[in-house]
Amino acid sequence: MPQNVQHTSSLNFCPPPLLYLADIGSSRFRRSSIGQSQAEPDKALSLLPLAPILRRRRGQVKVEYDGKEEPKHWEPPDWSKQLGHVRQMRSARNAPVDLMGAEKCYDTHAPDEVRRYQVLVSLMLSSQTRDQVTSAALQRLRAHGCTVDNIVNTDDDTLGQLIYPVGFWKTKVKYLKQTSVMLQREFRGDIPNTVEGLVRLPGVGPKMAHLAMDIAWHQVSGIGVDTHVHRISNRLGWTRGGTKKPEETRKALEDWLPRDLWSEINWLLVGFGQQVCLPVNPLCSVCLNQHSCPSAHQASPAKRPKAGSPRSPHSPKTSRVKLEPGSLGLGLPPPSSATPVKEEPLATTFSPLLPRKRKSKAKTFST
């Protein structure tokens with residue numbers, strides 16, 4: 001046997017198999033044993049081997065960040081600083097909600113179930129009503145006897161006189177009677193201790209349910225969002241993309257606001273909305289968030305004046321007079337492009353010597 005053959009057999013050398021592009025993935029390529037393959041010899045010479053390509057392995061790619069991790073959830077920028085400013089502006093705690101809110105209306109010496117019932121009644125009366133009116137109505141109810149049994153036995157006319165002039169007082173009379181009857185039959189004169197049970201009561205929505213859980217049962221189940229919380233949250237940019245309804249605002253706030261702030265945020269923003277961030281003409285000049293609030297110094301739209309009034313642009317006695325700098329001899333600097341246009345009424349002068357001429361109608365004669 002030749003020498004080179006003996007040397008090759010002594011090292012047990014086996015050349016790597018050649019894999020062909022036309023045979024991979026087809027039924028003609030069958031692996032018979034380790035290191036061997038069956039292929040058609042007539043096409044094997046015309047195809048390129050792929051053995052070196054199949055041996056390449058792609059290394060693992062490791063992605064590293066420059067010390068910054070992507071946030072787990074969205075949260076508004078500077079919200080913590082803005083909340084601190086609101087706390088500072090609310091430090092006196094002298095807003096109507098602090099003095100006459102649901103936490104201040106119930107009888108502290110009454111039994112627990114009566115106290116919880118009075119909290120629920122004050123929340124039901126507070127809808128679309130100022131705190132001053134709600135507090136006065138609840139004081140009259142307490143003097144009459146604000147208990148479940150007493151309200152059930154009170155006729156509708158008397159109950160309406162007691163709560164008038166709260167907003168929608170006729171509808172609230174019906175809700176109070178229905179709720180009191182339901183509490184008497186199903187809950188033994190007490191109020192439910194769950195949000196699901198509270199929203200089953202007539203006239204009780206999610207806002208009242210969460211506030212009742214917090215004030216009456218001392219359990220934080222959610223954020224109570226009323227018109228003040230809804231308005232201020234959207235003005236500060238605390239709702240992602242803005243919300244249209246208070247329930248949408250509640251869900252948007254609960255997505256990012258820490259749970260330990262849910263109880264505090266309601267009375268903070270309600271009092272802030274009563275004193276500074278008013279619904280119309282908010283006091284942005286005294287607000288500590290005026291430099292970070294996206295809605296700062298945006299005047300509320302004024303009502304359109306009636307036709308013929310002095311403020312109406314269609315009034316015949318008004319005209320737009322633009323004051324030029326230096327026209328009054330004051331040496332004022334040149335105005336900017338945002339110089340307001342002052343409306344001044346045109347003065348009508350009458351001469352005492354010359355009588356006013358009356359317009360005479362031309363007479364026509366027919367011939």
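Residues are numbered from 1 along each chain as its sequence is written, and side-chain values use heavy atoms, with hydrogens and water left out. Because the model is predicted, local features need pLDDT of at least 70 and side-chain atom pairs count only at pLDDT 80 or more, while totals for chains, interfaces and linings use all residues.

The protein has 16 helices and four strands; helices (H or I, at least four residues) and strands (E, at least two) are DSSP runs, numbered from the N terminus. Of the 367 residues, 35% count as buried, where buried means under 20% relative accessible area, exposed over 50% and partly exposed in between (1.4 Å probe, protein chains only). Among contacts with a separation of 6 or more, 59% are between residues 24 or more positions apart, a contact being heavy atoms within 4.5 Å.

Helix H4 (residues 79-89) packs against helix H16 (residues 262-275) at an angle of about 65 degrees, and their axes are 10 Å apart. Axes are lines fitted to C-alpha atoms, for helices over the stretch in contact, and angles run from 0 to 180 degrees between N-to-C directions. The crossing of H4 and H16 is left-handed, that is, the near helix is turned anticlockwise from the far one by less than a right angle. On the H4 side the contact is formed by Leu83, Val86, Arg87 and Met89, and on the H16 side by Glu264, Ile265, Leu268, Leu269 and Phe272. These residues divide into seven nonpolar, no polar and two charged. In this classification Ala, Val, Leu, Ile, Met, Phe, Trp, Tyr, Cys and Pro count as nonpolar, Asp, Glu, Lys and Arg as charged, and the others, Gly among them, as polar.

Helix H13 (residues 206-215) is mostly covered, with eight of its ten residues buried. The buried residues are Met208, Ala209, His210, Leu211, Ala212, Met213, Asp214 and Ile215. They pack against helix H6 (102-105), helix H7 (112-125), H12, H15 and H16.

Three aromatic pairs are counted under the rule that rings of Phe, Tyr and Trp (its six-membered ring) pair if their centres lie within 6.5 Å, with planes under 30 degrees apart taken as stacked, over 60 as edge-to-face and the rest as tilted. One of them joins tryptophan 79 and tryptophan 256 edge-to-face, at 5.1 Å centre to centre and 65 degrees between the planes. Tryptophan 79 lies in helix H4 and tryptophan 256 in helix H15 (residues 246-256), so this pair ties together parts that are 177 residues apart in sequence. The pair of tryptophan 238 and tryptophan 256 has ring centres 5.8 Å apart and planes at 80 degrees, so this pair is edge-to-face. Tryptophan 79 is buried, and tryptophan 238 and tryptophan 256 are both buried. Ring pairs link Trp79, Trp238 and Trp256 into a cluster.

Two arginines lie over aromatic faces, the criterion being NZ of Lys or CZ of Arg within 6 Å of the ring centre and within 35 degrees of the ring normal. Arginine 93 is placed over tryptophan 267 at 4.0 Å from the ring centre, and arginine 115 over tyrosine 106 at 5.8 Å.

The peptide bond from tyrosine 164 to proline 165 is cis, with omega near 15 degrees. Proline 165 is in the loop between helix H10 (156-163) and helix H11 (169-186), and phenylalanine 168 is also found in the loop between H10 and H11. Phenylalanine 168, although not a glycine, has a positive phi of about 55 degrees and is exposed, with a relative accessible area of 59%. A positive phi of about 55 degrees is likewise found at arginine 188, not a glycine, in the loop between H11 and helix H12 (195-199). Arginine 188 is exposed, at a relative accessible area of 81%.

Lysine 177, in helix H11, is buried with a relative accessible area of 17%. Leaving aside neighbours within four places in sequence, lysine 177 contacts Ile151, Val152, Thr154, Asp155, Asp156 and Leu159. Arginine 231, in helix H14, is buried with a relative accessible area of 13%. With neighbours within four places in sequence again left aside, arginine 231 contacts Gly273, Cys277, Leu278 and Pro279.
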